[in-house]
Amino acid sequence: MTPVAPSIPVRLAVLGLLLLGALVMAVAVGAVHVPPGRILDALAGRADDITRVIVLDLRLPRAAAAMLIGAGLAVAGTVFQALIRNPLAEPYILGVSGGAAVAAVAVIGFAGSVAGWAVPVAAFSGGVGAIVLVFRIAASVGRALDTRVLLLAGVVVGAFFNALIMLLLTLADVETFRSAVFWMMGSLASATWPTVGLLAVSTLPALAVLLALARPFNLMAIGEETALYLGTPVERVKRAAYLIASLLVAAGVAAAGVIGFVGLIVPHALRLVWGSDHRFLLPGSALAGAMFLLLADTAARTIAAPVELPVGVVTALVGVPVFLVLLTRRPA
Amino acid sequence: MHTCAAAAPAALLAIVALAAGCGAGGDTAPGSITVTDGTGRSVTLAVPATRIVSMVPALTDWIVAMGAADRLVARTDYDRDPGLALLPSVGGGLDPSVEWLAALRPDLVLAWPDTPNRSLVSRLQGLGFPTYTAPTQTIEDALTAAADLGRMLGDDPAAGDAVRRVRQGLDKVARSVAPRPRPTVLFLIGLDPLMAAGPGTFVDQLLEYAGGRNTLADLQILWPNLSLEEVVRRAPDVIIIGSAGLRDPASLGSRPGWRNLPAVRQGRVHVVDPEMVNRPGPRLHEAAAHLARLIHPDVP
């Protein structure tokens with residue numbers, strides 16, 4: 001901690017302003033150039049049909065989905081890193097994405113032409129199935145939830161699901177292969193207001209609960225026993241945090257596929273810059289994750305327009321160098 | 001009471017009938033066109049399409065063949081027709097920017113059968129852009145889609161001609177090879193790994209028209225990956241290679257087992273331009289005729 005480190009409200013306010021700037025940018029730019037005046041007209045409901053469609057039906061819901069999913073992934077990453085006490089922990093490390101992807105690929109490949117909601121529903125169910133499976137395995141060993149067992153169970157269950165995905169893809173026809181690979185690369189292109197609504201209903205309460213766990217997380221960072229002596233219901237916090245963070249990830253995967261690096265890099269970057277007090281880290285991750293995915297998706301929409309890049313490619317290509325700069329600047 | 005109870009449903013029926021009548025009246029408005037696309041969705045155009053975005057190269061080819069290239073407002077990177085070179089490209093056509101498409105104000109969008117997740121088609125429909133999608137797996141798929149296109153272009157006689165030309169051409173090829181024995185044929189679309197045209201694809205059907213028999217007729221996979229061992233076991237009489245990735249056909253000779261294939265020993269391995277068979281377009285009959293000459297070199 002440097003003596004000049006700003007207070008938590010100031011840090012959060014800075015991140016909030018940056019997020020606001022990213023939101024303005026996400027609405028302002030896209031594959032089609034729309035002058036700022038016409039964008040304001042569209043927001044006020046005065047623009048022509050096409051501008052209204054572009055701003056209100058395409059860019060805004062997509063930006064909202066990016067913010068919700070980015071916030072969810074970054075907070076889930078923070079929670080898993082605190083819970084498992086392993087810097088490599090990220091939202092997908094416990095097999096949620098694998099379970100979701102197996103179910104999604106199976107539906108894409110073997111259900112033929114299905115209703116638009118079938119794949120997200122399958123992905124969410126598969127993600128929940130993986131959560132329950134990993135949790136049951138970890139909970140069956142010893143009386144307390146051993147996070148090392150949780151981690152190992154998650155990793156091997158994830159590997160098993162990955163093998164299943166490869167098997168399904170090997171047996172799939174070209175069309176399924178293409179759809180499945182596109183799905184697994186992750187994209188926010190299908191965001192509509194109804195999907196944003198569903199995401200908000202599932203994401204915001206989960207975020208609120210996790211943010212409220214900042215104090216127990218701080219104590220558990222010192223040591224689970226210390227936390228217990230200081231009155232933290234450690235087991236309940238661990239179980240609740242694991243399940244809620246996993247559901248958050250499953251909702252995000254159902255809405256937009258698997259988007260990597262947000263949940264790994266954002267919490268670490270914040271820790272490197274502004275310390276690891278969870279009272280800052282959890283809300284900070286929500287704001288920074290929202291901003292990071294929003295900027296990455298804006299780049300994915302515009303760099304190669306009219307072709308859209310997979311947003312996971314952008315999060316990795318941009319996120320990794322930025323992260324490495326932060327990592328190596330860290331004072332010894 | 002009784003009359004009342006009877007009258008209420010009757011009144012309801014009348015309203016429903018009126019509403020239905022209104023709907024039907026809308027459909028039959030002068031110039032309005034409704035077709036059912038390959039996924040069972042009905043597509044209604046108020047007037048024949050004049051601003052078309054095609055993301056399916058085979059359908060683009062059909063539009064060009066129907067003399068309606070001037071109605072296209074965008075193409076994909078795969079459309080190489082020089083007449084379309086000046087149009088903006090949507091890219092590969094699989095993951096386009098929806099706002100970019102919307103800004104072109106198309107009155108008809110032709111899209112790939114949808115990936116269930118992205119639901120690009122329902123997206124575009126929901127935004128008010130009529131969107132037609134069709135599988136182009138079989139020859140019949142392609143001809144059905146072409147006939148639909150003809151209707152959406154406003155029953156252009158050139159459209160009917162294009163479809164008829166292909167049907168008659170295919171029948172002519174089939175007649176020319178009809179009396180001959182049918183050699184088994186393996187059609188490879190990729191070499192690393194070996195990927196072939198399985199039953200149910202338009203390439204399989206072209207082989208049929210051309211007087212061959214697909215050596216993979218018993219498989220259930222459209223475009224199966226094969227081991228060389230499987231090729232050796234099946235020992236096809238003729239091997240035809242239409243692979244975009246093929247730079248040096250001679251390199252196949254160095255693969256163990258390849259040299260001993262009957263088709264290789266008898267010089268019955270042929271390389272065709274992959275452009276000819278990579279999409280079921282308006283020159284299907286020419287592709288069939290070309291394949292017939294390779295499979296039956298003695299046919300005039």
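Predicted model: local features only at pLDDT ≥ 70, side-chain atom pairs only at ≥ 80, totals over all residues.
Visitor: Why is the pair B:Arg105 and A:Asp48 called a salt bridge?
Guide: The rule asks for a side-chain nitrogen of Lys or Arg within 4 Å of a carboxyl oxygen of Asp or Glu. Here the side chains of Arg and Asp come to 3.3 Å, N to O, so the pair qualifies as a salt bridge. Between chain A and chain B the count is 3 salt bridges.

Visitor: What else crosses the interface in the way of polar contact?
Guide: The rule finds 7 residue pairs in polar contact there, both residues at pLDDT 80 or more. On the side of chain A that touches chain B, α3 (49–84), α5 (118–139) and α7 each supply at least two residues. That side splits into 17 nonpolar, 7 polar and 7 charged residues.

Visitor: How many residues does each chain put into the contact?
Guide: Chain A gives 31 residues and chain B gives 24.

Visitor: And what makes up the area buried between the chains?
Guide: About 2700 Å² is buried, with carbon and sulfur atoms giving 62% of that. Within chain A, the residues losing the most area to chain B are A:Ile50, A:Phe182 and A:Pro306, together 22% of what that side buries.

Conventions. Residues numbered from 1 in each chain as written. Chains lettered and ligands numbered in written order. Heavy atoms only, no water. Contact = heavy atoms within 4.5 Å. Buried area = accessible area lost by both parts, 1.4 Å probe. Polar contact = N/O pair within 3.5 Å; in protein donor to acceptor, adjacent residues only side chain to side chain. Helix = DSSP H or I, 4+ residues; strand = E, 2+ residues; numbered from the N terminus. Nonpolar A, V, L, I, M, F, W, Y, C, P; charged D, E, K, R; others polar.
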